[in-house]
Amino acid sequence: MHRLYRTIARVAPTRATVLVAGETGTGKELVAHAIHSMSDRARRRFVAVNCGAIPATLLDSELFGHERGAFTGAIQSRRGWIETAAGGTLFLDEISTLSQDIQVKLLRVIQERVIHRVGSRAPVEVDFRLVAATNRDLASLVDQGRFREDLYYRLNVFPIRIPPLRERLEDLPVLVQHLRCRLSDELGLDRDAAEFGGDLILRMLDHDWPGNVRELENFVERRLILGDTADEPGPDPFRSPAETLGALFDRGLAEHWTLDRLEREYLLSTLALAGGCQAEAARRLGVNRGTVCRRLKRYREEGWVH
């Protein structure tokens, strides 16, 4: 952890483009925030864009902006996220999901620091610090022809790899204490509302934490809310996925669930097992994150989740 902090402190004052790599939930956006706050752009905007959460048909105008009448529904001109980040830092998460067309346009922006809004030929100069992030092996995607090699080298100026939590379990007690203090303050709870004693820490050290720090944060928050003696809500975070989902299917067969309910229960259980991380749940389910987001939105509208 200290090595990561030193690396951030070295690169933050520069103008170098940074590529942050790490599994889902390792804290890539937190690293980007830290780079921004320690740079000379700290007083300007930090604009975070999750490329994987925006439909491909909308990403062009979302990033580069559009002029009035550029397409059906464009009733007024609009700045894109790149223009919005002028003078500050632009954080592009899930950069590996960009289509080839968007990759070409982004490469040109990085090289020339000029954008063209959709529906306009007029160039617009832009000044921003770029931090990109990925949970995929971009070099492998380049070899497969799925990511442009020239863009990869433009992004990979200063790479930072965040190791998954299972590779730095020695940090877990410190992280638990930090999260305990921060979350208890945010929730208005007593920091001693729940114990995180030796036995629990040992159990936590035996867990793989597939959702990484995000899963750990969710676990600490639940324990602070419920206290020491309360049962964990939903699936036990230390129970194997096969055990939990197997019991789910058995229950569905016994109670004659409809296909809609089986899908809902399966998605929500997988989300819980992923520590509440939608991207990790989508990976386990074999769908994109947008599908998970749309399902959750529908479940909220129907009153199944809150």
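These legends accompany several close-up views of the predicted model shown above.

Residue numbers count from 1 along each chain as its sequence is written, and side-chain values use heavy atoms, with hydrogens and water left out. Because this is a predicted model, local features need pLDDT of at least 70 and side-chain atom pairs count only at pLDDT 80 or more, while totals for chains, interfaces and linings use all residues.

**View 1. The protein chain is divided into three stretches: domain 1 (1–163), domain 2 (166–226) and domain 3 (241–302).** These bounds come from an automatic or database domain assignment. The centres of domain 1 and domain 3, taken over C-alpha atoms, are 31 Å apart.

**View 2. Five strands line up in an open, parallel sheet, in the order S2-S3-S6-S1-S7.** Strands (E, at least two residues) and helices (H or I, at least four) are DSSP runs, numbered from the N terminus; two strands pair if DSSP finds at least two bridges between them. At the edges stand S2 (46–50) and S7 (158–161), each with a single partner strand, so one side of each has no neighbour in the sheet. From one strand to the next, the twist averages 20 degrees; axes are lines fitted to C-alpha atoms, with angles running from 0 to 180 degrees between N-to-C directions. As a reminder, strands of a sheet pair through backbone hydrogen bonds, either parallel or antiparallel.

**View 3. Here we follow the pairing of S1, S3 and S6 strand by strand.** Strand S1 (residues 18–21) runs parallel to S7 and is joined to it by four bridges, with Val 18 opposite Phe 158 of S7. S1 also pairs with S6 in the parallel sense, over four bridges, and Val 20 has Ala 133 in S6 as its bridge partner. Strand S3 (residues 89–93) is parallel to S6 and linked to it by four bridges; there, Thr 89 is partnered by Arg 129 of S6.

**View 4. Strand S6 (residues 129–134) is mostly covered, with six of its six residues buried.** Buried means under 20% relative accessible area, exposed means over 50%, and partly exposed lies in between (1.4 Å probe, protein chains only). One side of S6 carries Arg 129, Val 131 and Ala 133, and the other carries Leu 130, Ala 132 and Thr 134.

**View 5. Asn 50 sits in strand S2 and is buried, with a relative accessible area of 18%.** Its side chain makes a polar contact of 3.4 Å with that of Glu 94. A polar contact is a pair of N or O atoms within 3.5 Å; within protein, one must be able to donate a hydrogen and the other to accept it, and residues adjacent in sequence count only if both atoms are side-chain atoms. Leaving out residues up to four places away in sequence, Asn 50 touches Asp 93, Glu 94 and Arg 289, where contact means heavy atoms within 4.5 Å.

**View 6. Helix H9 (residues 198–205) has Leu 200, Ile 201 and Met 204 as its buried residues.** These residues span an arc of only 100 degrees around the axis, which puts them on the same side of H9; the arc is that of the directions from the helix axis to the C-beta atoms. On the other side of H9, Gly 198, Asp 199 and Leu 202 are exposed. The cover over the buried residues of H9 includes helix H8 (172–187) and helix H10 (212–226).

**View 7. Asn 212 of helix H10 is buried, with a relative accessible area of 0%.** Apart from residues up to four places away in sequence, Asn 212 touches Glu 23, Thr 24, Gly 25, Thr 26, Pro 164 and Leu 165.
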